Amino acid sequence: MNPEMITSPIDVKDAKLFIGGEFVDSVSQATFDTINPATNKKLASVAMANEADTIRAIEVAQRTFDSGVWSNMTVEKRAEILCRMSDLIMLRLDEIAVLETLDVGKPIKESRGFDIPRAASNMRFFAEMALYHHAESYEKQGMMSYTKYAPAGVTSIIIPWNLPFMQMTWKVSAALAAGNTVVVKPASYTPLSAFILGEIANDAGLPPGVLNIIAGPGSTVGTVMASHPNVRRISFVGESGTGKTVMRNASESLIPVSLELGGKSANIIFEDADLDEALKGSLDAIYRNQGQICLAGSRMLIHESVYEEFLGKLITAVNQIKVGLPLHEETDMGSLVSQSHLESVHSYVDIGLAEGAKLGCGGERVKGLGEGNFYKPTVLYDVDNQMRVAQEEIFGPVLVVIPFKTEEEAIRIANDSIYGLAGVVWTNDLRRAHRVAAQVNSGLFWINCWYFRDLRTPFGGSKASGIGREGGRHSFDFYTEAKSITMKL
């Protein structure tokens, strides 16, 4: 069946900027097209913000913050509105999931089964956690000191294209729960689902101006959002080079930043692991969302004693992954986000082969699916960790496989990277598991599993993978200003 002949099950609407509780055109009336990556055809037109629109959104957010309509609202009332937004997300689950799949290219079973439900959970989690976020108090020498956590102010949130709705709610819900006003910029590749949250905010009774959503180029919109003196917090998710630019811009106004950046995480398989369980988890760790996940276990380290056995199982399993139309329920992998990104991913395969890696499977575009950006899940093996394919983030369905001899060597290889976001180990030796988890330099680490997250725990990376932590109390620490107050008793 020709993918271009399949009609969308929803009516995809053009999107306008969401400022002050209203959907408006950009000042310049300019728009840009968002493309369905499964067909490379236009999906919708989106109002394109410029510097003036961005300043307007920030000023609206500042006035709203100063008014106290949200920042001075009781935490119970704020939580009630955010929980209502969570409920409305679930009521519109199918619609948002389809829109996300159309705009991103990811399989509908991921959007409907995980991303959008998790987005609703984000809203409810931070709403409820705000009710229990506590302040400290101490007494000493006839004095009492206590801490007050006040909303920081206008918060800029810049989200990536790989998990747009889920990432947006992860940031927005915490910032709003803390009492801040927010300006959000979705990625230009995948802007559509962000504006649904504007509709939901209005329906839930969020005061106008508390949440503002604008789309446009990072070079203009993102620069203003990261440098405007009225902005008091910046939370950015994206690649490491852009993160450095955001940090430089933020330094002009001394704006605190939270940066969640790239990764090249090691997935370590020891000889005593449950190999079937390790295989299943490892496939998910690299091929979910077409490998377009910063947490992806993109470097697989296999102990030499099971290297050939596990590699054979791996290649067989990868060849069974169904690449198909994103809206089909049986599809395991959809399309990459753009034609240029597909070309980038493929260029790394060519680089790897030129460096001496061997091709286990994949390594080419999928045929028979029209003009979409479909790429075969790929395995490069006998890779040396010094190769570019082992050191640079490919951000696609390309797994590099590296043999190792000892636990010490595995840890050394895992840490031989500019990144430090995540890691995985598969072993039935619990002492070894905890040794490896402690010694691998990463912000997150999984033992005999991958991608499970308790939202109370810190999320973030070290080295080129980012600065700061969010999640649970760590989010409230970032999105608030702590003030120490002391009185004489």
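Analyst: A crossing of two helices is called right-handed if the near helix is turned clockwise from the far one by less than a right angle, and left-handed if it is turned anticlockwise. The structure above is a predicted model, in which local features need pLDDT of at least 70 and side-chain atom pairs count only at pLDDT 80 or more, while totals for chains, interfaces and linings use all residues. Residues are numbered from 1 along each chain as its sequence is written, and side-chain values use heavy atoms, with hydrogens and water left out.

User: Why are H3 and H4 called oblique to each other?

Analyst: Helix H3 (residues 93-104) packs against H4 at an angle of about 120 degrees, with the axes 9 Å apart. Angles count as roughly parallel under 35 degrees, roughly perpendicular from 65 to 115, roughly antiparallel over 145, and oblique otherwise, and H3 and H4 are therefore oblique. Their crossing is right-handed. Helices here are DSSP runs of H or I with at least four residues, strands are runs of E with at least two, and both are numbered from the N terminus.

User: What makes the contact of H3 with H4, and how do its residues divide?

Analyst: H3 brings Leu93, Asp94, Ile96, Ala97, Val98, Glu100 and Thr101, while H4 brings Ile108, Ser111, Arg112, Ile116 and Pro117, where contact means heavy atoms within 4.5 Å. These residues divide into seven nonpolar, two polar and three charged, with Asp, Glu, Lys and Arg taken as charged, Ala, Val, Leu, Ile, Met, Phe, Trp, Tyr, Cys and Pro as nonpolar, and the others, including Gly, as polar.

User: How do you know that H2 and H4 are roughly antiparallel?

Analyst: Helix H2 (residues 75-91) and helix H4 (residues 108-130) pack at about 170 degrees, their axes 8 Å apart, and because that angle falls in the antiparallel range, the pair is described in this way. Among the residues in the contact are Leu82 and Met85 of H2 and Ala120 and Met123 of H4. By class, the contact holds 14 nonpolar, one polar and three charged residues.

User: Why are H5 and H6 called oblique to each other?

Analyst: Between H5 (residues 164-177) and H6 (residues 192-204) the angle is about 45 degrees, and the axes lie 8 Å apart; the pair is therefore oblique. H5 passes H6 in a right-handed crossing. Pro164, Phe165, Met168, Thr169 and Val172 of H5 meet Ser193, Ala194 and Leu197 of H6, a set with six nonpolar, two polar and no charged residues.

User: What makes up the interface between domain 1 and domain 2, and how much area is buried there?

Analyst: An automatic or database assignment supplies the domain bounds, giving domain 1 (3-261 + 465-488) and domain 2 (266-447), with C-alpha centres 31 Å apart. The contact takes 29 residues from domain 1 and 35 residues from domain 2. Together they bury about 2,500 Å², 56% of it on carbon and sulfur atoms, which is the accessible area (1.4 Å probe) lost on putting the two parts together, summed over both. Lys109, Trp161 and Ser465 supply 20% of the area that domain 1 buries against domain 2, more than any other three residues.

Notes: Axes are lines fitted to C-alpha atoms, for helices over the stretch in contact, and angles run from 0 to 180 degrees between N-to-C directions.
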